[in-house]
Every structure is written in structure tokens, then in C-alpha cells.
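Subject: Handover of a structure for your review

Dear colleague,

Please find below the sequence and structure that I am handing over to you. A summary of the findings follows.

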Amino acid sequence: MDAVRLIGVGRRALAESQDAPDIMREAWQAQALAQAIGSRLAMLGPAEMRGEALGLCEAGARGSGGSAVPVVGAGGIRAAQLTELGDVRGALMDLGALLGDVGIALVAVASGSFEEGAYWQCMEAIDAADESRDRVLEILRRLPERDSRLTDPGPEPGSDSAA
């Protein structure tokens, strides 16, 4: 699935989240998507932004890993459905917006948390979302103007794109 569509699904799911576990799950999903997009850009993007793309991949991994992995649910890990970036600039702009929304939602969860462990889990997730968003903004800044319409061709014909 195209990155912009996946990000849109994530933004809708976050907006529809009703409680702290749902919001934490969507924060985790957003970070997994940041990791996948960063990885793809590190492999396929222009050389001048590969370092930042790798940084996004690593930041996303920190935000979607560890012992606090939520139960993902019937839909599975959305990032696993990523088959192409499509419009890279548009995908990065949308990902930055999603990560900003995640941060805001997590602040609300942390503010309402009476359990110290849950509070600190939210704070770590906020930091991870903020770091990923900073990486996205830096990639956008470094994205060469000549490549402002850079697109990812997606999977090679005949390749297994079910990954």
C-alpha cells in the first residue's frame, strides 16, 4: 500500500481512538511506519538524505520496539503493508503531521495518567515521536529541490511485494 494511504489510515485510527491503550497502540503504529519509511528512504533516496533517513529508521525503531509493545489487533502492523512511497515529499509531510498528532494525543494521555509507570511510558513515547518528527523535517529540508517530485517506483515487476 502507498505510504500516503497508510499514513491516512493511521491518522483516522488515532482520531477515533477512545482511550489510552488505543492511543498508545496508534503511537506505536506511527513509529513502526516511520521506521519503515526511513528504511526505504535510506535504501532508495538521494545520497544527501540517506543519513537522516537512517536516523528516522532508528528513531522509529526506538519508538516501536521495547517491552511496551501493545497488542496490535486484528489489522496487524500497518507498516508491513508498505509497498511504495509514491510521492516522497507528500508522504514525509503527512508523516510529520501524523507524528505531531501522536505527540499531542500522548500529552493528553500523560496528563490524565494517575499511574507513574503509564506516565513515564507516555513521556518516552512523546520523546520518540518528537525525535522522529524532527528527522522527518530534516529529511524534507535536505530533499534536493531537483527531486521535489521524487517518487519511489515501488516493487519491481515480478517481485514478492507481500513483505
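Is Cys57 buried or exposed? Cys57 counts as buried, because its relative accessibility is 14% and the cut-off for burial is under 20%. Please bear in mind that this is a predicted model. Cys122 is likewise a buried residue, at 2% relative accessibility. As for disulfides, the structure holds zero.

The nonpolar core

The largest nonpolar core has 39 residues. Within this core, Ile37, Leu41, Leu92, Leu95, Val102 and Leu106 are the residues that touch the most other members. Two or more residues come from each of the elements α1, α2, α3 (50-64), α4 (88-112) and α5. The greatest contribution is that of α4, which gives eleven residues. As general background, nonpolar side chains tend to be buried together in soluble globular proteins.

When residues up to four places away in sequence are not counted, Leu41 touches Met49, Arg50, Ala53, Leu85, Val88, Leu92 and Ile139. One of these, Leu92, is also listed with Leu41 among the core residues that touch the most other members.

Salt bridges

The count of salt bridges comes to seven. In general, side chains of opposite charge can pair when their charged atoms come close.

Arg62 and Glu131 meet through their side chains in a salt bridge, with an N to O distance of 2.4 Å. Arg62 is exposed, with a relative accessible area of 51%, whereas Glu131 is partly exposed, with a value of 27%.

Which residues are linked with Glu138 in a network of salt bridges? The network consists of Glu138, Arg141 and Arg142. The side chains of Glu138 and Arg141 meet at 2.5 Å, N to O. In the pair of Glu138 and Arg142, the closest N and O atoms are 2.8 Å apart. Glu138 and Arg141 are separated by about one helical turn, because they are three residues apart in helix α5. Glu138 and Arg142 are also about one helical turn apart, being four residues from each other in helix α5.

Glu138 is buried, with a relative accessible area of 18%. Arg141 counts as exposed, at 58% relative accessibility, and Arg142 is partly exposed, with a relative accessible area of 36%.

Residues in loops and in a strand

Ser17 is found in the loop between α1 (3-16) and α2 (20-44). At 15% relative accessibility, this serine counts as buried. Its side chain reaches the backbone oxygen of Ala13 at a distance of 2.9 Å. Once neighbours within four places in sequence are left aside, the contacts of Ser17 are Asp22, Ile23 and Glu26.

Pro144 belongs to another loop, the one between α5 (116-142) and β2 (151-152). Where does Pro144 stand in terms of burial: is Pro144 buried or exposed? Pro144 is buried, because its relative accessible area is 8%, under the 20% cut-off. Leaving aside neighbours within four places in sequence, Pro144 is in contact with Pro46, Glu48 and Arg89. The C-alpha atoms of Pro144 and Met49 are separated by 8.5 Å, although these residues are 95 residues apart along the chain. Met49 is also one of the residues that Leu41 touches.

Asp87 is placed in strand β1 (residues 86-87). Asp87 counts as partly exposed, because its relative accessibility is 38%. How far apart in space are Asp87 and Val4, C-alpha to C-alpha? The distance between Asp87 and Val4 is 7.9 Å, while in sequence they are 83 residues apart.

With kind regards

Key:
Residues numbered from 1 in each chain as written. Predicted model: local features only at pLDDT ≥ 70, side-chain atom pairs only at ≥ 80, totals over all residues. Heavy atoms only, no water. Buried < 20%, exposed > 50% of the residue type's maximum accessible area, 1.4 Å probe, protein only. Polar contact = N/O pair within 3.5 Å; in protein donor to acceptor, adjacent residues only side chain to side chain. Contact = heavy atoms within 4.5 Å. Disulfide = S-S within 2.5 Å. Core = buried A, V, L, I, M, F, W, Y, C linked by side-chain atoms within 4.5 Å. Salt bridge = Lys/Arg side-chain N within 4 Å of Asp/Glu carboxyl O.
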